[in-house]
Amino acid sequence: MILDKCVLHSILAILSQIGLFLSGLGGGTYLLIKKGGLNSESKIFLAKNQHKFNLICLIISFVFLTAALVVGFLQAKKLWDVYWGWDVKQIGSIILWLYYFTAILVIGWHGFFKTKKTAYIVSLFALSGIVLMSINIFILNIFSKLHRYL
């Protein structure tokens, strides 16, 4: 049973990271489309679709990240007898979760598909989120005591 939760936790975390990465790439693409030299009709069509793609990736990935954290808490209780171990990786993951939670609240405040300002906000959150996610994946794993993979 523990192995099943470990696998589920890892799969959910990987799915959330893939989605957040796609959202970040989409954010960069959206900004390039807006600044690029396309004609106005193509520009509007691509920008609208790219914004929707960014937002959908962001929300679905946030759900996967939330599920990965919940399953991780349950798994930690089984493995280490605590729900929260103050591990560097756990702290980084909760910071990432809070960042994307804030992003979704801000985006919701401005209206999901209503304004051009929302599209810029989604793109900027998604792009800066890639930096946070990369730090969480690559740098914090070096200092983690509980999340040792090798």
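Modeller: Val7, Ile11, Ile14, Leu15, Ile18, Phe21, Leu22, Leu25 and Phe53 make a nonpolar surface patch of about 760 Å². A patch here consists of residues with over 30% relative accessible area and no salt bridge, with nonpolar side chains (Val, Leu, Ile, Met, Phe, Trp, Tyr) joined within 5 Å and like charges joined within 9 Å. A salt bridge is a side-chain nitrogen of Lys or Arg within 4 Å of a carboxyl oxygen of Asp or Glu. Accessible areas come from the Shrake-Rupley method with a 1.4 Å probe, and for residues only the protein chains shown count as cover.

This is a predicted model, in which local features need pLDDT of at least 70 and side-chain atom pairs count only at pLDDT 80 or more, while totals for chains, interfaces and linings use all residues. Residues are numbered from 1 along each chain as its sequence is written, and side-chain values use heavy atoms, leaving out hydrogens and water.

Helix H1 supplies the largest share of the patch, eight residues. Helices (H or I, at least four residues) and strands (E, at least two) are DSSP runs numbered from the N terminus. Buried means under 20% relative accessible area, exposed over 50%, and partly exposed in between (1.4 Å probe, protein chains only).

Histidine 9 also belongs to H1, which covers residues 2–35. Histidine 9 counts as buried because its relative accessible area is 18%. Apart from neighbours within four places in sequence, histidine 9 is in contact (heavy atoms within 4.5 Å) with Ala68, Val71, Gly72 and Gln75. The histidine 9 side chain also reaches the backbone nitrogen of glycine 72 at 3.5 Å.

Next comes the interior. A nonpolar core is a set of buried Ala, Val, Leu, Ile, Met, Phe, Trp, Tyr and Cys residues joined through side-chain atoms within 4.5 Å. The largest such core has 15 residues, of which Leu20, Leu58, Leu96, Tyr100, Ile107 and Phe125 touch the most other members. Helix H2 (40–80), helix H3 (88–110) and helix H4 (116–143) each give two or more residues to this core. H3 gives the most, six residues. Setting aside residues up to four places away in sequence, leucine 20 touches Leu58, Ser61, Leu65, Leu96, Tyr100, Ile130 and Met133.

Serine 93, in H3, is buried, since its relative accessible area is 14%. Its side chain makes a polar contact with the side chain of asparagine 136 at 3.4 Å. A polar contact is a pair of N or O atoms within 3.5 Å; within protein, one must be able to donate a hydrogen and the other to accept it, and residues adjacent in sequence count only if both atoms are side-chain atoms. Beyond neighbours within four places in sequence, serine 93 is in contact with Leu69 and Asn136.

Isoleucine 142, in H4, is exposed, as its relative accessible area is 55%. Isoleucine 142 is 53 residues from lysine 89 in sequence, and their C-alpha atoms are 9.3 Å apart.

As for the whole, the protein chain has four helices and zero strands. Of its 150 residues, 38% are buried. Among contacts between residues at least 6 apart in sequence, 75% join residues at least 24 apart. The chain exposes about 9000 Å², and carbon and sulfur atoms supply 74% of that area.
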